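This report describes a predicted model, beginning with the contact between its chains and then turning to the individual chains.

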Amino acid sequence: MADLAAPVLDVRGLKTVFHTRAGEVHAVNSVSFSLRPGEVLGVVGESGSGKSVTMMSLLGLLPSPPADVRGGQVLLGGRDLLKISPKELQSVRGAKVGFVFQDPMTSLNPVFSVGNQIMEPLRKHMGMTKAQAADRAVELLELVGIPDARRRLKSYPHQFSGGMRQRVMIAIALACDPDVLIADEPTTALDVTIQAQILELVKDLRQKLGMAIIWITHDLGVIAAIADRVMVMYGGQVAEHAPVKELFARPQHPYTRALLRTIPSISGERAARLQVIEGQPPILTAEPASCPFRARCIHSLDRCAQENPARHAVDGKPLGTGHDVACFWSPELMTEGEDA
Amino acid sequence: MLTYTLRRLLTAIPTLLLISLVIFLLVDLAPGSPLSEIPLTVPPEVREKMMKALGADQPVMVRYVLWLKQFFWVEPQYLIDGWFGTDFAQGAQRIISWQSKVPAFQIIGERLPQTLTVVGTAYLVGILIALPIGIYSAYRQYSWFDQAGTFFAMAGFSVPTFFTGNVLIMIFAVKLGWFPTIYDTQLRVTDWASFYKMIMQMALPVTVLALFNAAEISRYTRSSVLENLNQDYVRTARAKGMGERTVLLKHVLRNSLIPVVTVIALGMPTVFGGAIVTENIFKINGIGAALIGAIHVSDLPLIQTITFIFAVLIVLFNLIADILYGILDPRIRYD
């Protein structure tokens with residue numbers, strides 16, 4: 001059903017480069033994905049795989065210099081966000097696209113009251129008066145489950161716990177009824193019980209409000225709990241992309257498979273040794289001419305060193321709608337007795 | 001906040017008493033005698049009588065306690081009498097300058113306005129120059145504006161005021177003749193002409209002091225803004241779609257001002273000290289010049305009183321800094 005609707009957000013060939021003293025770092029390379037209304041897209045990958053940079057590039061949130069969004073298209077409501085003026089971009093941020101960041105302890109301004117910070121986008125984007133914005137802010141705080149909302153408007157961030165602050169961040173992101181909510185590791189800085197609460201809250205809000213969500217995480221457990229589709233990123237490009245059940249059932253990319261193996265198992269009689277992926281993600285000083293995962297890949301082929309694999313569909317559906325992978329290897333090539 | 005302020009004011013009393021004792025003992029230890037300006041031909045018996053008349057022959061502790069009584073008890077009474085025409089003091093002995101034989105507070109009352117006009121204006125001008133420069137330098141870090149700002153701040157901060165003062169006098173007063181070299185303390189502003197004259201004679205000393213203050217404050221502002229520009233909440237503000245003006249002048253500035261306000265408030269009393277040099281160079285008959293003059297002739301009561309007033313100012317502005325800190329930063333509550 002969701003597959004038929006036109007995407008709210010369509011990203012094509014996004015490319016972001018950082019200018020550093022050591023030269024250019026190609027953080028995002030030709031990333032394409034789309035997001036349909038009401039859908040949750042999970043984005044997974046290790047630190048440094050380009051997840052956050054990709055999402056920040058969409059809205060020009062990276063400091064420039066050093067960042068330079070060099071190419072591609074970001075289509076939202078028929079407009080290319082990379083082409084519009086800074087003023088127009090401001091009217092998109094916070095209004096059409098809401099952002100929730102990783103660390104709620106530092107993401108709120110410590111010297112302004114929570115109410116003030118929620119009312120800011122309301123007054124700017126919706127043209128509300130102070131009283132209207134205050135009423136809406138109370139509504140939002142109640143929506144994200146903060147009790148005694150009217151009184152809490154005057155509280156400052158330091159008077160809230162981490163989980164409560166993240167709820168406030170979500171309230172700010174949702175203030176103007178955005179079409180898209182981008183959540184950049186929103187539960188990473190929280191302890192596990194609070195993580196679960198925030199996850200439940202977002203699932204619940206999605207039911208109520210119907211916005212599309214991009215959920216960035218490195219936790220596959222969270223992905224399984226919330227996402228409809230998953231995009232696995234490695235070395236600034238999309239390694240694999242599939243509906244969530246499909247990905248867990250038939251992972252194609254050796255990186256995805258390795259990631260899945262790193263999830264500790266709680267079943268079985270004796271705890272097996274925790275699996276890890278050896279090595280570090282690469283720092284790409286040039287556009288990769290070969291597969292960026294090659295050095296850590298247990299299945300790497302000769303061809304992997306000669307060209308960078310393009311994404312190709314596994315299930316015959318058009319790219320970005322079904323299951324696709326950027327790899328020359330496939331599980332069918334696996335020989336007898338080879339490990340997973 | 002009120003209880004905090006009151007508590008701080010109360011705890012300031014022992015601090016100030018101790019400071020006053022230390023100052024008194026230090027000043028007393030200093031070599032020199034109040035009679036060093038008296039011709040050597042004056043016979044010793046007469047000198048002794050003169051010492052007695054000044055009360056300088058008393059032991060140091062007696063003189064100290066007497067000064068305490070005069071400073072905290074007698075002088076406030078004279079102050080009130082002066083305001084309301086009452087007669088609480090009933091002719092009690094005031095703190096008398098040994099040199100000029102007039103009450104120390106009368107001298108201070110004459111000199112302080114000169115200092116406040118020049119130093120106060122200079123500090124205000126310094127802050128008004130420094131804040132925008134600091135903010136913009138940080139916002140455009142490493143731009144040519146920032147580089148130029150850094151250069152002038154370094155120059156302004158490392159070149160002492162007595163040097164810049166003399167250079168400015170040489171160029172603008174002596175060579176070009178645009179400004180007067182000497183500050184006329186008798187000048188009263190009554191019309192546009194005298195106002196213009198006032199501005200002209202204030203221009204050089206205010207420039208010297210303002211440059212020095214601006215150099216320091218702009219550096220603090222710059223580093224404070226820089227530190228805050230990279231904070232997560234700035235990214236949040238941008239992600240909310242706030243304009244760059246709002247991001248910089250609301251979100252970043254409010255946070256950056258917290259340390260800067262402390263520097264500004266704590267710098268106030270030191271400006272009086274720094275102004276001593278400038279006052280002497282520009283011949284401004286201010287409180288700093290009075291202090292230097294008093295030190296030259298070992299005028300103990302006047303030195304003691306002026307120095308102690310500086311100490312009070314320092315304690316007072318410390319308190320003001322802390323209170324402002326609490327107002328700017330909601331995380332700090334003193335109750």
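Two residues are taken to be in contact if their C-beta atoms, placed from the backbone, lie within 7 Å. By this criterion, 22 residues of chain A are in contact with 19 residues of chain B. Helices (H or I, at least four residues) and strands (E, at least two) are DSSP runs, numbered from the N terminus. On the side of chain A that touches chain B, the elements giving two or more residues are α2 (86–92), α3 (104–107) and α4 (114–125) of chain A. The most is given by α4(A), with four residues. The residues on this side of chain A comprise ten nonpolar, eight polar and four charged; here Ala, Val, Leu, Ile, Met, Phe, Trp, Tyr, Cys and Pro count as nonpolar, Asp, Glu, Lys and Arg as charged, and the others, Gly among them, as polar.

The model is predicted: local features need pLDDT of at least 70 and side-chain atom pairs count only at pLDDT 80 or more, whereas totals for chains, interfaces and linings use all residues. Residues are numbered from 1 along each chain as its sequence is written, and chains are lettered from A and ligands numbered from 1 in the order in which they are written.

Chain A contains an open sheet of eight strands in the order β6-β7-β8-β3-β9-β10-β12-β11, with mixed pairing. Two strands pair if DSSP finds at least two bridges between them. The edge strands, β6 (97–100) and β11 (312–313) of chain A, each pair on one side only. Helix α7 (residues 162–174) of chain A lies across β6 and β7 of chain A and runs at about 170° to β6(A); this angle, on a scale from 0 to 180 degrees, is taken between N-to-C directions of axes fitted to C-alpha atoms, for helices over the stretch in contact.

| Strands | Sense | Bridges | Partner residues |
|---|---|---|---|
| β6(A) and β7(A) (180–184) | parallel | four | G98(A) and L181(A) |
| β1(A) (9–20) and β2(A) (23–35) | antiparallel | nine | T20(A) and G23(A) |

Chain B has eleven helices and zero strands. Its C-alpha atoms fill a box of roughly 85 × 60 × 40 Å, taken along the principal axes. Of the 335 residues in chain B, 31% are buried, that is, have 20 or more other C-beta atoms within 10 Å of their own, with C-beta atoms placed from the backbone. Among contacts in chain B between residues at least 6 apart in sequence, 71% join residues at least 24 apart.

Notes. Buried ≥ 20, exposed ≤ 12 C-beta atoms within 10 Å, placed from the backbone.
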